[in-house]
Amino acid sequence: IVFIFTFGSWGGGNVSGEMPIAAEVNGRVISQAQFQAVLSNQFRRRQQYQPGYTSEQAQKDGLRNSVLEQMIGRELLAQAAEDKGMVVSDAEVIKLIKDRFFGPTQEFDRDLYRDRIVSGIYQTTEALFEEQIRRDILAARMESLVRESQLVPESELKRQFNLKNDRVNLKLLRVDPSFFKGAPKAT
């Protein structure tokens, strides 16, 4: 079952001949078709893990906005990677496609790739699909670089260490006040 959301002005129906746009990020377009494909995949994935998951539940969960925000975030990461001079080779794109869609044991099938995956599931062309894979790899690299390079100030490390490791040994001694009655006063 293929499920496609069509809410609001992004529902398609553009008769001008222009490609419907889901979002534009610094001049780069996220097409409506890309958005719908990712949204449909996310919806199906949720249905696998939550039997009975409905379009009403997806709307209540804000799935549509969540997917669009993820796509915009990935595009921003890809743009940052390009700004840093990162590139992805054709061989890397081919390897990812083979690994993701055919696995280590299945032979690459050009017709299956073109007709069922690219045209059927993602509803795009091979060139656009492969460019999106390239951008996904760039985004993943940039995300990894950002995560690995986060520096934490020494003062914050000490504070966190102290919060986790400061301990107090407390011993209580109970004293009867009547014991001190009549005792000589210290000078």
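This is a predicted model: local features need pLDDT of at least 70, side-chain atom pairs count only at pLDDT 80 or more; totals for chains, interfaces and linings use all residues.
**A guided tour of helix 6 and its surroundings**

Begin by selecting helix 5 (residues 110–121) together with helix 6: their axes come within 11 Å and cross at roughly 85 degrees. An angle from 65 to 115 degrees counts as roughly perpendicular, and helix 5 is therefore roughly perpendicular to helix 6. To view the contact itself, display Arg 110, Tyr 113, Arg 114, Ile 117 and Val 118 on helix 5, then Glu 126, Phe 129 and Glu 130 on helix 6. By class, this contact of helix 5 with helix 6 holds four nonpolar and four charged residues, and no polar ones.

The contact of helix 3 with helix 6 comprises eight nonpolar residues, six charged residues and one polar residue.

Next, turn to the largest pocket, whose volume is about 930 Å³. Which residues lie nearest its centre? Select Gln 34, Val 38, Met 71, Gln 132 and Asp 136, which belong to a lining of 32 residues. Strand 2 (28–31), helix 1 (32–49), helix 3, helix 4 (90–101) and helix 6 are the elements that each give two or more residues to this lining. Helix 6 supplies the largest share, with eight residues. Colouring the lining by class would show 16 nonpolar, eight polar and eight charged residues.

Finally, select helix 4. Its 12 residues, at 1.5 Å a residue, should span 16 Å, and the end C-alpha atoms are 16 Å apart, so the two values agree. The tour ends at Gly 103, which follows helix 4 and has a positive phi, near 70 degrees.

Note on methods. Residues are numbered from 1 along each chain as its sequence is written. Side-chain values use heavy atoms; hydrogens and water are left out. Ala, Val, Leu, Ile, Met, Phe, Trp, Tyr, Cys and Pro count as nonpolar, Asp, Glu, Lys and Arg as charged, and the others, Gly among them, as polar. Axes are lines fitted to C-alpha atoms, for helices over the stretch in contact, and angles run from 0 to 180 degrees between N-to-C directions. Helices (H or I, at least four residues) and strands (E, at least two) are DSSP runs, numbered from the N terminus. Angles under 35 degrees count as roughly parallel, over 145 as roughly antiparallel, 65 to 115 as roughly perpendicular and the rest as oblique. Contact means heavy atoms within 4.5 Å. On a 1 Å grid over the protein atoms alone, a cavity is a set of points where a 1.4 Å probe fits but cannot get out, and a pocket is an open set with protein on both sides within 12 Å along at least five of seven lines; lining residues have an atom within 4 Å of a point. Grid points are joined across faces, edges and corners, and a volume is the space filled by probe spheres set on the points. The expected span of a helix is 1.5 Å times one less than its number of residues.
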